[in-house]
Amino acid sequence: MKVLKIAAAALALAAPFAMAQTSTWKSDPAHSEVDFTIKHLSVSNVHGRFGHVDATIVYDEKDITKSTVKATIDVLGLSTGESQRDTHLKTPDFFDCSQFASATFESTSVAKSGSGLKVSGNLTVHGVTKPVVLDVEGPSAPVPGMDKRPHVGFSATTTINRVDFGIGPKFADAMVGTNVKVNIEIDAVKQ
């Protein structure tokens, strides 16, 4: 009888943990970023980085399809390492940062894909919303951060057509590439 009581107590204590299959994770701003690569004059790649990314990931370990991602990306903070080019990119010729200082992404579905994930969603840049698919590696195994909370990593890639978003439509592909490779690195902290 005593063993039965102990087992029942253990099950009662374990029940909340078994049901805690969904967790919320926030991006660590000091260790998360969104980078881009675009062709210049069809001969070289120009690399850049947007400002901070603020992402929230609701991760369901039992049913990945119930997971969600929302992110806001600081476009105003973009940098290519060349101040004159950065200033031009922030004008109405490209991002028009005075009107559209940030971009957003909100997932519409999450699915397993090989050893990673496919995250489909709506990306809004320059006031235009289009569907995109992110190829995601992760989550990594959790590790304790200096804040004593679990951290996991996600790496994602996609390619978008800048003209579809109304970015630099008067610039020909031979001058500024139409396809933009986007790389996302997220260090997510469990909340």
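**Salt bridges and exposure in a predicted model**

Of the 191 residues in the protein chain, 36% are buried. This is a predicted model, in which local features need pLDDT of at least 70 and side-chain atom pairs count only at pLDDT 80 or more, while totals for chains, interfaces and linings use all residues. Residues are numbered from 1 along each chain as its sequence is written, and side-chain values use heavy atoms, with hydrogens and water left out.

Student: How do you know what confidence the predictor has in the protein chain?

Tutor: The pLDDT, which is the predictor's confidence in each residue on a scale from 0 to 100, has a mean of 90 over the protein chain, and 90% of the residues reach 70 or more. Over residues 1-19, however, the pLDDT is below 50, and beyond near neighbours in sequence this stretch has one contact in the model, a contact being heavy atoms within 4.5 Å.

Student: Why is the pair E33 and R49 called a salt bridge?

Tutor: The term requires a side-chain nitrogen of Lys or Arg within 4 Å of a carboxyl oxygen of Asp or Glu; the closest N and O atoms of E33 and R49 are 2.8 Å apart, so the pair meets that definition. E33 lies in strand β2 (residues 33-40) and R49 in strand β3 (residues 44-49), and therefore the pair ties together parts that are 16 residues apart in sequence. Strands (E, at least two residues) and helices (H or I, at least four) are DSSP runs, numbered from the N terminus.

Student: What makes R49 partly exposed?

Tutor: Buried means under 20% relative accessible area and exposed means over 50%, with partly exposed in between (1.4 Å probe, protein chains only); R49 has a relative accessible area of 41%, so R49 counts as partly exposed.

Student: Why is K170 called exposed, whereas D93 is called partly exposed?

Tutor: K170 has a relative accessibility of 62% and so counts as exposed, whereas D93, at 23%, counts as partly exposed.

Student: What makes R149 and D147 a salt bridge?

Tutor: Their side chains meet at 3.7 Å, N to O, which also falls within the cut-off for a salt bridge. Elsewhere, salt bridges that share partners join E33, D35 and R49 into one network.
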